[in-house]
Amino acid sequence: MPDIMQDPLKGLSDALVERVRGMQWLVARIEVDGRPMRSGTLWRKDVVVAAEQAFAQVAEAKVVLGDGANFAAHFAGRDRGTNVAVLKLDGAPDPAPALQTAAEPAPGALALALGADDAGVSVRLGVIHSVGPAWHSRAGGRIDRRIVLDMTMSGREEGGPVLDAGGSLLGISTLGPRRRVLVIPTATVEAVLEPLLSTGRVERGWLGLALQPVLVPEAMQAEAGKSRGLMIMGVAKDGPAAQTGVLAGDILLTIAGEGVSRPAIVAQRLGPQSVGQPIELRLLRAGKILSLMATVAARPLE
Amino acid sequence: MSVVPSRLRIAVVGPDATARNRLAMLVARSGHEVVELTAAPDAILTDGAIDSLPSAPAVAIGAVEGDLAGRLPPHASPRQIDAALRAVAAGLTVRGPTPQHPGFGSFAEDGWPVLTPREIEVLAALSEGLSNKAAARRLGISPHTVKFHIESLFKKLGAASRAEAVVKGLKRQIVEI
């Protein structure tokens with residue numbers, strides 16, 4: 001008879017069960033109007049973090065933690081840029097969580113994603129599929145790492161904690177394009193948590209422009225010094241770009257001296273520190289280059 | 001092989017009498033016979049939970065719990081309801097279109113082709129349903145040039161028709177900053 005202590009597969013399985021048992025009380029089931037919507041992660045004693053994209057219009061929720069404790073909660077802040085929403089609980093579970101931030105993730109390492117499903121806590125096990133550098137979301141937020149997990153996930157489980165093999169927190173799960181499972185890293189959540197709790201939002205620079213990548217017409221490439229730019233598809237009324245005279249149809253070539261073949265480059269220039277700062281826009285209009293100075297404003301509330 | 005009759009026996013169930021009547025009328029107008037749940041229907045139409053174990057495949061409208069053969073969105077059209085009833089009666093599974101959630105992604109992740117300013121203008125004209133001639137008039141260029149840009153759009157977007165070019169072109173990412 002094989003010795004159970006010597007059976008590595010049984011050992012792994014037992015360790016996983018034990019890990020889930022120890023961590024499940026951090027998993028929040030977030031219910032809106034009596035229906036479970038998504039998962040969340042108990043981040044601090046009365047703060048649950050979730051993926052923002054599912055909660056665009058929601059103000060109140062009920063939070064049921066993995067150990068059955070339940071709390072009324074309200075959305076204290078949300079940031080579409082980093083896809084982080086913060087819920088404040090009416091009351092606090094005991095003890096408060098003491099999360100360990102995971103070390104630098106590596107492709108191939110095991111990742112355990114917890115979520116809340118009908119039955120209670122649900123578990124996904126996979127490897128870290130890939131780890132990319134910092135990236136910018138469509139909504140302009142900076143995500144510290146692009147961590148893709150090799151697993152599938154239901155919508156209900158989105159927002160739960162993703163743990164490394166040591167039980168440290170890699171971040172929270174979210175569904176990316178084509179339902180790939182991504183991680184919003186712990187560092188990214190931490191960076192927006194304070195502003196979200198104190199002001200409800202994360203301030204980001206705003207010019208009031210709708211942009212689309214465009215090929216600079218060949219005849220003007222020499223004049224422009226580049227083959228790609230961003231065509232201005234729309235200018236927000238009274239926004240910083242409108243005030244400095246940017247018109248729809250102009251092609252944006254550089255921002256603060258940097259070429260803008262991709263919108264992500266503009267987003268990088270419009271981080272929280274850019275608000276109130278002057279910024280130079282070089283544009284192509286009717287075959288001529290022109291330079292305009294705009295003052296970056298704070299992105300208005302949606 | 002059994003053939004699905006064109007006139008089906010449909011049981012309509014649901015918690016609300018008004019909604020039930022509306023669905024029953026709709027089913028009758030599609031040429032089906034509305035029967036009681038106990039009268040061996042070919043299919044069941046419901047907009048609420050089914051208490052007992054369904055005796056026939058059921059089509060649910062809106063969010064209804066349970067393992068059901070057919071699921072339609074709350075605003076399904078009469079044609080869709082009719083098609084779904086026929087399909088489940090024939091033993092098929094029916095699901096409405098799932099809303100395409102783009103997911104949390106980055107800028108220009110898909111590497112969409114980069115268009116020229118003129119191609120963007122021509123695409124805008126196509127999306128309004130303008131003919132080549134009308135597009136040419138609006139843009140102040142010849143119809144021949146419009147045709148040239150459309151061919152280039154087809155190639156860049158991998159489209160075989162004007163409609164496909166418009167659909168694919170609409171997916172391009174406009175970023176608000």
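Me: Starting from the convention that two strands pair if DSSP finds at least two bridges between them, how many bridges join strand S7 to strand S8 in chain A?
Reply: In this predicted model, strand S7 (residues 110–117) and strand S8 (residues 120–132) of chain A run antiparallel and are joined by eight bridges. One pairing to look at is A:Gly115, whose bridge partner in S8(A) is A:Ser122.

Me: And which closed barrel do they belong to?
Reply: They are part of a closed barrel of six strands in chain A, which runs S7-S8-S11-S14-S13-S12 with antiparallel pairing, and the twist from one strand to the next averages 40°. Helix H2 (residues 186–199) of chain A packs on that sheet, where it touches strand S13 (169–175) and strand S14 (181–185), and its direction makes about 85° with that of S13(A).

Me: What about S4, S5 and S6 of chain A, which pairs with which?
Reply: Strand S4 (residues 60–65) and strand S5 (residues 70–79) of chain A pair in the antiparallel sense over five bridges, with A:Val63 standing opposite A:Phe71. S5(A) is in turn joined by six bridges to strand S6 (residues 84–89) of chain A, again running antiparallel, and there A:Arg78 stands opposite A:Ala85.

Me: Where is phi positive in the hairpins?
Reply: The hairpin of S4(A) and S5(A) has four residues between the strands, and in it A:Gly68 takes a positive phi near 95°. The hairpin of S5(A) and S6(A) has four residues between its strands as well, and A:Asn83 in the turn has a positive phi of about 65°.

Me: Switching to packing: which residues touch the most other members of the largest nonpolar core?
Reply: That core has 52 residues, and A:Val48, A:Val49, A:Val63 and A:Leu87 touch the most other members. Domain 1 (4–89) and domain 2 (110–189) of chain A both give residues to the core, so it lies between them. Another core, of 34 residues, lies apart from it, and includes A:Val216, A:Ile232, A:Leu270 and A:Ala297.

Me: What is A:Val49 in contact with?
Reply: If neighbours within four places in sequence are left aside, A:Val49 is in contact with A:Gly40, A:Thr41, A:Trp43, A:Val84, A:Val86, A:Ile172 and A:Val189. For chain A as a whole, buried residues make up 44% of its 302 residues.

Me: Now chain B, what order do the strands of its open sheet follow?
Reply: The six strands follow the order S2-S1-S3-S4-S5-S6, with parallel pairing. S2 and strand S6 (94–95) of chain B stand at the edges with a single partner strand each, so one side of each is left without a neighbour in the sheet. Strand S1 (residues 9–13) of chain B is joined to S3(B) by four bridges, and B:Val13 has B:Thr46 as its bridge partner in S3(B).

Me: Which strands does helix H1 of chain B lie across?
Reply: Helix H1 (residues 17–29) of chain B lies across S1, S2 and S3 of that chain, running at about 165° to S1(B). Helix H2 (residues 78–89) of chain B also packs on the sheet, touching S1, S3, strand S4 (58–61), strand S5 (70–72) and S6 of chain B, and its direction makes about 170° with that of S5(B).

Me: Last topic: how many residues of each chain are in contact across the two chains?
Reply: 18 residues of chain B are in contact with 34 residues of chain A. On the side of chain B that touches chain A, helix H3 (117–127) and strand S7 (175–176) each supply at least two residues, and the residues of that side divide into eleven nonpolar, four polar and three charged.

Me: Which strand of chain A does S7(B) pair with?
Reply: S7(B) pairs with strand S16 (residues 209–215) of chain A in the antiparallel sense over two bridges, and A:Leu211 stands opposite B:Val175 there.

Technical notes: Residues are numbered from 1 along each chain as its sequence is written. Chains are lettered from A and ligands numbered from 1 in the order in which they are written. This is a predicted model: local features need pLDDT of at least 70, side-chain atom pairs count only at pLDDT 80 or more; totals for chains, interfaces and linings use all residues. Two residues are in contact if their C-beta atoms, placed from the backbone, lie within 7 Å. Ala, Val, Leu, Ile, Met, Phe, Trp, Tyr, Cys and Pro count as nonpolar, Asp, Glu, Lys and Arg as charged, and the others, Gly among them, as polar. Two strands pair if DSSP finds at least two bridges between them. A nonpolar core is a set of buried Ala, Val, Leu, Ile, Met, Phe, Trp, Tyr and Cys residues joined through C-beta atoms within 7 Å. A residue is buried if 20 or more other C-beta atoms lie within 10 Å of its own, exposed if 12 or fewer, and partly exposed in between; C-beta atoms are placed from the backbone. Domain bounds come from an automatic or database domain assignment. Axes are lines fitted to C-alpha atoms, for helices over the stretch in contact, and angles run from 0 to 180 degrees between N-to-C directions.
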